Amino acid sequence: MALVLTEEQTMLRDSARGFIGDHAPVSHLRQLRDSNDATGFSRDLWRRFAEMGFAGLLVPEQFGGSGLGCVEAGVVMEEIGRTLMPSPFLSTGVLAASALSRGGNAAQKSDYLPRLAKGELIAALAIDEGAKHRPLQTALQATRSGNGFRLSGAKSMVVDGHVADLLIVAARSAGSSGDRDGLTLFLVDPKTKGVSVERTSMVDYHNAARIEFGGVEVDADGVLGDLDEGHTLLDGVLNIGRGALASEMVGLSEEVFSRTVEYLKQRKQFGKLIGEFQALQHRAAQLYIEIEITRAAVLKALQALDANPAKAGNAVAVAKARAGSTATRAVQEGVQMHGGMGMTDQFDIGFFMKRARVCEELLGDANYHAEQLARARGY
């Protein structure tokens, strides 16, 4: 398949770029930060985002969504990366929509997906329990209780968990930490007795939460997918999220590159534009090449997810690892080429650097995915 967008996907990109660029420039994030906004994003903007059809991209048409694929979700995520727009699109429109669409029963889909597509429901995926992304190390216990389960444990770095109306929680219903088998996903109302949510502001001014589950009762209807066999569903959903994050980092990298090149054309040193210095030209050219190669790797991974998600793991691992490395290089070059000004709050480059660092860690950094590739090849 050609590594280019179709005409329809290009139209979606242009629509998303116009909407996000007009309504959520970097100054929007800056304003939310300076006001210490309790939500961390604009609910009104999220509603309008949903009205444009973006929130329901991955929701099947029968439930009020667009029924599109991972490439389309990646297109929108790339535009979000250009302006650092704070929104629950990753947590709700990508991760939760994928989990419910792929693992939900008829009742669960009918209940949650239409509201999600309309922007009325915010959902969050609660996976990690430590400082690093390690899904198989899930230790939160799900023990039998009556006709349901009792959840006990804690989750960290739950993106948008502080405002979620629904939590999708990975718990260990059998086996021990590190086992592939024995994982189950549960749908939990955060207002349920025993759920304690603490908002945490990440370094990039986006929001997450620490959530404790103190003997939370969940009935059997709250199981998402198959009992004890949640790893397959979870792994597929996480891969979709990783592809989306890789797309966001491509948009972030390209925006930083564009801003940096513009600065090279304006800043003078020793009576010359600094863009005339050959050393900086070479560094800029190399960064451009890196971004374009990464863009191809990410699009390839998204296409693989749409074509055969069960076999897309390696392509996604390559895309996420490479996108993280490229974004890190882009923001480092951006700060350095801006000189001392690049370290000041007056310039937006610092915002991109912080977001790149968070995106690198979310759902596995480059080392994590390199390890997954090595294991897949039997090393």
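**Setting up.** I am working with a predicted model, where local features need pLDDT of at least 70, side-chain atom pairs count only at pLDDT 80 or more, and totals for chains, interfaces and linings use all residues. Residues are numbered from 1 along each chain as its sequence is written, and side-chain values use heavy atoms, with hydrogens and water left out.

**Counting.** I looked for salt bridges, meaning a side-chain nitrogen of Lys or Arg within 4 Å of a carboxyl oxygen of Asp or Glu. By that rule I get 30 salt bridges.

**Arginine 33 and aspartate 34.** I found this pair joined in a salt bridge, 2.8 Å from N to O. For accessibility I call a residue buried under 20% relative accessible area, exposed over 50%, and partly exposed in between (1.4 Å probe, protein chains only). Arginine 33 is partly exposed at 22%, and aspartate 34 is exposed at 54%.

**Arginine 82 and glutamate 79.** Here the salt bridge is 3.2 Å from N to O. Both residues sit in helix α4 (residues 70-83), three residues apart, so about one helical turn separates them. Helices are DSSP runs of H or I, at least four residues, numbered from the N terminus. Arginine 82 is buried at 13%, and glutamate 79 is buried at 2%.

**A network.** I then saw that Arg82 and Glu79 belong to a salt-bridge network that also includes Arg17, Glu78, Glu254, Glu292 and Arg295.

**Glutamate 290 and arginine 322.** The closest N and O atoms of this salt bridge are 2.9 Å apart. Glutamate 290 is in helix α8 (residues 278-307) and arginine 322 in helix α9 (residues 313-337), so the pair ties together parts 32 residues apart in sequence. I noted glutamate 290 as buried at 19% and arginine 322 as partly exposed at 25%.

Definitions and conventions: Helix = DSSP H or I, 4+ residues; strand = E, 2+ residues; numbered from the N terminus.
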